[in-house]
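Please examine the arrangement of helices in the chain shown here. The report that follows may be read alongside the display.

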Amino acid sequence: MDCGSVRALINRFIDGELGYVETAEFQQHLDFCPDCSEELRELCELRGALAAWSGVRLAPPPGFADRVMAAVQRQPQPGSPRPLGEVVDGALARVDEVLGRVRLPHGRTIPVKNLLGWALAVVALVIGLGRRRGRDATQARTP
Ligand SMILES: [Zn+2]
């Protein structure tokens, strides 16, 4: 029996599936081949480690099943209305896709929708200040 034959039969040898003659030839090869002997030793070691690992029982962290069930129940059923937050997030994402981003110095970018939001805030502030100034002027004129 040569090294290739031994390597092909090595798992069956470990599992005790070889016949008497094959086992004898296999062991006869191991007597003079340190490479195949080492391969057999390593494979036995690996299989022993895997067998030990299969005995390990991993327990989920406390409350894991409850958190999973709560997450499942939070998922909207098909055909049911989506939560408002999801609708707003989706709409803003689509606005981002349509408007794109503006390049800033140093390679940074900012969404155009953010610039529009800031512009609207500035306009609202200017309008508010204008109304306040007009109200103050009206009060100053009344005796
Ligand atoms: Zn060999």
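## Model and domains

The structure is a predicted model. The protein chain is divided into two assigned domains, with domain 1 covering residues 3-52 and domain 2 covering residues 85-141. The centres of domain 1 and domain 2, taken over C-alpha atoms, are separated by 74 Å.

## Helix α1

Helix α1 spans residues 3-14. Its 12 residues reach 16 Å from the first C-alpha to the last, close to the 16 Å expected at 1.5 Å a residue. After α1 comes G16, which has a positive phi, near 75°.

## Packing of α1 with α3

Two packed helices are described by the angle between their axes and the distance between the axes. For α1 and helix α3 (residues 34-54), the angle is about 25° and the axes are 11 Å apart. Because angles under 35 degrees count as roughly parallel, α1 is roughly parallel to α3. The crossing of these two helices, α1 and α3, is right-handed.

On the α1 side, the contact involves C3, V6, R7, I10 and I14; these meet D35, C36, E39, L40, L43, C44 and R47 in α3. By class, this contact of α1 with α3 comprises eight nonpolar and four charged residues, with no polar residues.

## Packing of α1 with α2

Helix α2 comprises residues 20-32, and its axis comes within 11 Å of that of α1, with a crossing at roughly 120°. That angle makes α1 oblique to α2. The crossing of α1 and α2 is left-handed.

In this pairing, V6, L9 and F13 of α1 meet E22, T23, F26 and H29 of α2. The contact of α1 with α2 has four nonpolar, two polar and one charged residues by class. V6 of α1 takes part in the contact with α2 and also in the contact with α3.

Technical notes. Residues are numbered from 1 along each chain as its sequence is written. This is a predicted model: local features need pLDDT of at least 70, side-chain atom pairs count only at pLDDT 80 or more; totals for chains, interfaces and linings use all residues. Axes are lines fitted to C-alpha atoms, for helices over the stretch in contact, and angles run from 0 to 180 degrees between N-to-C directions. Helices (H or I, at least four residues) and strands (E, at least two) are DSSP runs, numbered from the N terminus. Angles under 35 degrees count as roughly parallel, over 145 as roughly antiparallel, 65 to 115 as roughly perpendicular and the rest as oblique. A crossing is left-handed if the near helix is turned anticlockwise from the far one by less than a right angle, and right-handed if clockwise. Two residues are in contact if their C-beta atoms, placed from the backbone, lie within 7 Å. Ala, Val, Leu, Ile, Met, Phe, Trp, Tyr, Cys and Pro count as nonpolar, Asp, Glu, Lys and Arg as charged, and the others, Gly among them, as polar. Domain bounds come from an automatic or database domain assignment. The expected span of a helix is 1.5 Å times one less than its number of residues.
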